[in-house]
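Take a moment to look over the sequence and turn the model around before reading on. Then come back, and we will walk through it together.

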Amino acid sequence: SDRLFRNSKRTRSRTEEISAKCRLINMMNIASLVLFLFFVPQESPTQREERIGKRIESIRGLPFQKPLVLRKGSRKEYARLALQDAKRLYGEDLNAAESFLKAFGLIPKGLGLAIAITAQAPIGVQLYYKNGEIALVDSKTDDDTLLAKMTTGLLDQHWPRQDRQENAGVNFDAQVALNAVRNGDSDLVKNMKWKDKKGEEKMPEDFLPGMIRATEEWERKDSRFKSLIVPRIFVRFSGFPYRRGTIFVESLRQKKGWAGVNRAQENPPLSTEQILHPEKYLAGENPVIIGTDSLQSFLRKEGYRFVYRTTLGEFGTAVFFETHDKNLDSAPLASGWGGDTALVFEKNGEKIHLWLTVWDTEPDAVEFRKALLAISRKQLPKEAQLTTVVVRRGKACAWLGRYPMAIQNGLVDSLWESTC
């Protein structure tokens with residue numbers, strides 16, 4: 001018993017000695033760290049920009065023509081910037097665009113487009129790019145987020161955004177495609193940084209297939225929950241440029257290298273169809289342009305005023321069906337898209353909407369008409385003098401919405417006089 005007691009006492013003494021040494025070592029380590037942080041100079045914003053800029057140049061193979069300006073930003077300024085971007089996307093007249101979106105059921109009747117954009121855009125924003133400047137809302141923004149925005153700035157130094165917007169065309173479909181090729185480029189640079197790749201080095205074999213699978217999963221399932229709160233068109237547009245854009249740019253890089261991507265920056269895809277099917281961009285398969293002179297001439301004679309025109313494209317067509325039928329697999333339905341134009345006219349406060357489409361094959365047009373009929377039957381006007389129809393001839397199909405029965409013959413006749 002005495003021996004056990006003495007051993008226990010020696011053990012406690014030894015344990016206390018070890019604990020004291022450990023505490024001393026920890027204190028010394030903390031002191032060393034404090035001294036290190038105090039005496040070693042911290043990286044300045046300029047040094048950080050230079051470090052990240054060199055990494056971008058090594059990956060992208062393009063030099064910065066001049067340093068980007070780093071400055072403090074604000075959510076209020078970003079909201080104004082988002083409104084400007086919305087005008088490029090939907091058109092300068094956002095009230096007219098709002099009429100179109102509501103006529104097509106893409107946003108709720110009670111939602112104001114401008115208010116919705118300025119309210120939603122600043123949520124969670126950390127930084128943004130504007131005219132050669134990186135504006136930081138959050139000074140603790142991580143390197144990867146800053147790298148992506150700096151890449152956007154690099155691209156705009158070589159291919160000014162305004163020039164590319166003019167080349168892309170003034171309609172929803174073309175502007176979404178331009179956003180995709182710009183943001184997809186910067187997102188791919190970020191992914192290559194994660195994989196420690198640069199220049200023409202190949203990404204892992206599973207990168208592109210994995211990106212496609214994840215994107216399709218997000219489009220079909222994961223994005224649905226958010227669409228219960230935010231209009232589907234806003235949700236899908238938020239993901240399309242980064243997800244589909246990255247797939248497009250990497251597909252192009254695999255086939256043509258960065259030189260091929262540079263050509264796409266100089267001559268952007270003209271449609272989201274080309275983004276979704278890079279082989280169509282490489283083959284020069286451009287969207288069909290639908291002439292509406294005969295329609296507009298007839299409606300003017302009937303006293304109607306032109307309000308709005310745009311192109312929904314393959315992406316917009318898919319979003320349209322997803323908005324009206326959440327269980328519908330829209331990708332196969334929209335994949336035969338060849339061209340479209342959507343129009344809104346107004347007379348005495350009453351608006352009519354028209355959607356003219358052309359498809360790659362007649363079966364594609366038949367499938368589209370069937371799906372569109374199911375939606376239009378749910379939206380038949382309550383007014384006895386108004387009607388809505390879906391008509392098809394060959395590969396052409398049109399949705400004529402909420403027009404007076406009295407003008408039906410002239411309206412349909414002028415429709416089939418339209419040229420492609």
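What follows is a short tour of this structure, from the whole protein down to single residues.

**The whole protein**

Keep in mind from the start that this is a predicted model. The protein has 18 helices and eight strands. Of its 420 residues, 48% count as buried. The accessible surface comes to about 21,900 Å², and carbon and sulfur atoms account for 53% of that area. How does the chain meet itself? Among contacts between residues at least 6 apart in sequence, 68% join residues at least 24 apart.

One pair shows how sequence and space can tell separate stories. Asn267 and Arg164 are 103 residues apart in sequence, yet their C-alpha atoms are 7.4 Å apart in space. You can find Asn267 in the loop between α11 and α12 (272–276).

**The nonpolar cores**

Which residues touch the most other members of the largest nonpolar core? They are Tyr90, Phe100, Phe104, Leu106, Ile233, Phe320 and Trp355, in a core of 78 residues. Helix α11 (residues 232–266) gives the largest share of this core, with ten residues. Another core, of 19 residues, lies apart from it, and includes Ile290, Leu295, Leu354 and Tyr403.

Leaving out residues up to four places away in sequence, Ile233 touches Tyr90, Leu101, Leu106, Ile107, Phe172 and Val319.

**A helix and its cover**

Now find helix α17 (residues 362–376), which has 15 residues. From its first C-alpha to its last, α17 reaches 21 Å, close to the 21 Å expected at 1.5 Å a residue. Which residues of α17 are buried? They are Asp364, Ala365, Phe368, Ala371, Leu372, Leu373, Ile375 and Ser376. Here is a general point that helps when reading such a list. An α-helix has 3.6 residues a turn, so residues three or four places apart point the same way. The cover over the buried residues of α17 includes helices α15 (313–324) and α16 (330–334). Strands β6 (350–359), β7 (386–393) and β8 (396–404) are also among the elements that cover them.

Let us compare some single residues. The table lists their relative accessible areas.

| Residue | Relative accessible area | Class |
|---|---|---|
| Asn183 | 10% | buried |
| Asn267 | 48% | partly exposed |
| Asp196 | 58% | exposed |
| Phe225 | 62% | exposed |
| Asn131 | 68% | exposed |

Asn183 lies in helix α8 (residues 172–194). Asn183 counts as buried because its relative accessible area is 10%, and buried means under 20%. Setting aside neighbours within four places in sequence, Asn183 is in contact with Pro241 and Tyr242.

Phe225 sits in helix α10 (residues 224–227). Its relative accessibility is 62%, so Phe225 counts as exposed. Together with Leu228 and Ile229, Phe225 makes a nonpolar surface patch of about 420 Å².

**Two loop residues with positive phi**

Which backbone angle is worth checking in Asn131? Asn131 has a phi near 50°, a positive value in a residue other than glycine. This residue, Asn131, is in the loop between β2 (127–130) and β3 (133–136). Asp196 also has a positive phi, near 60°, and is likewise a residue other than glycine. Look for Asp196 in the loop between α8 and α9 (207–222).

Technical notes. Residues are numbered from 1 along each chain as its sequence is written. This is a predicted model: local features need pLDDT of at least 70, side-chain atom pairs count only at pLDDT 80 or more; totals for chains, interfaces and linings use all residues. Side-chain values use heavy atoms; hydrogens and water are left out. Helices (H or I, at least four residues) and strands (E, at least two) are DSSP runs, numbered from the N terminus. Buried means under 20% relative accessible area, exposed over 50%, partly exposed in between (1.4 Å probe, protein chains only). Contact means heavy atoms within 4.5 Å. Patches are made of residues with over 30% relative accessible area and no salt bridge: like charges are joined within 9 Å, nonpolar side chains (Val, Leu, Ile, Met, Phe, Trp, Tyr) within 5 Å. Accessible areas come from the Shrake-Rupley method with a 1.4 Å probe; for residues, only the protein chains shown count as cover. A salt bridge is a side-chain nitrogen of Lys or Arg within 4 Å of a carboxyl oxygen of Asp or Glu. The expected span of a helix is 1.5 Å times one less than its number of residues. A nonpolar core is a set of buried Ala, Val, Leu, Ile, Met, Phe, Trp, Tyr and Cys residues joined through side-chain atoms within 4.5 Å.
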